[in-house]
Amino acid sequence: LNQGVLEIGLQALPFSHKANLILNGVRASPTVIVSDSIFLGNKLIANFGQVNMWGNVRQIVWTKLNQTAYPGDTSLQVIDACDWVPGDVITITATEYDAQQPETAYVSSVSGDGRTIFLNSSLPYPHTAALIHDGTAPLTPPKPAPRLITH
């Protein structure tokens with residue numbers, strides 16, 4: 001997008017359906033070159049103009065885990081009552097030493113109180129929500145933060 005506008009919905013009239021942006025091409029498609037030092041690859045949205053996306057307002061888009069989620073778990077216990085719905089896409093931040101362990105998951109259902117999020121598949125990585133003690137002082141790692149991607 002170069003000096004143009006990509007607009008989905010309006011602030012006064014949010015888009016309330018699912019929008020898919022489909023990027024076509026093959027692995028060997030030409031690389032987008034912005035300058036001598038910026039190569040963006042292909043199949044991307046590079047914004048040099050304006051992007052406005054107005055969708056449904058969600059009450060909770062970030063929350064934190066209330067208890068540790070282990071590999072194999074298919075649900076998350078969260079602090080805030082979420083208004084997430086089946087089909088929503090979420091990410092869960094990494095909490096271990098490997099920053100390559102954030103996850104993307106799909107919501108299959110949510111408990112009546114909004115504090116248990118059920119996922120359509122099991123988690124491959126742990127997401128620690130507990131205090132860790134090193135023998136001298138308690139350390140509090142940042143709690144994993146599930147974030148709503150769908151809006």
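How much of the accessible surface of the protein belongs to carbon and sulfur atoms? What you see above is a predicted model, and in it the accessible surface comes to about 10,100 Å², of which 54% belongs to carbon and sulfur atoms.

Let me begin with the overall layout. The protein has eleven strands and zero helices, so that line of elements, read from the N terminus on, is β-β-β-β-β-β-β-β-β-β-β. Of its 151 residues, 22% count as buried, and among the contacts with a separation of 6 or more, 58% are accounted for by residues 24 or more positions apart.

Phe48 counts as partly exposed because its relative accessible area is 45%, a value between the 20% and 50% cut-offs.

The other residue I would like to show you is Asp88, in the loop between strand E5 (75-77) and strand E6 (89-92). Is Asp88 buried or exposed? Asp88 is buried, because its relative accessible area is 3%, and the cut-off for that class is under 20%. The side chain of Asp88 makes a polar contact, at 2.5 Å, with the side chain of Arg58. Leaving aside neighbours within four places in sequence, Asp88 is in contact with Arg58, and also with Ala105, Tyr106, Val107, Leu148 and Thr150.

Note on methods
Residues are numbered from 1 along each chain as its sequence is written. This is a predicted model: local features need pLDDT of at least 70, side-chain atom pairs count only at pLDDT 80 or more; totals for chains, interfaces and linings use all residues. Side-chain values use heavy atoms; hydrogens and water are left out. Buried means under 20% relative accessible area, exposed over 50%, partly exposed in between (1.4 Å probe, protein chains only). Helices (H or I, at least four residues) and strands (E, at least two) are DSSP runs, numbered from the N terminus. Contact means heavy atoms within 4.5 Å. Accessible areas come from the Shrake-Rupley method with a 1.4 Å probe; for residues, only the protein chains shown count as cover. A polar contact is a pair of N or O atoms within 3.5 Å; within protein, one must be able to donate a hydrogen and the other to accept it, and residues adjacent in sequence count only if both atoms are side-chain atoms.
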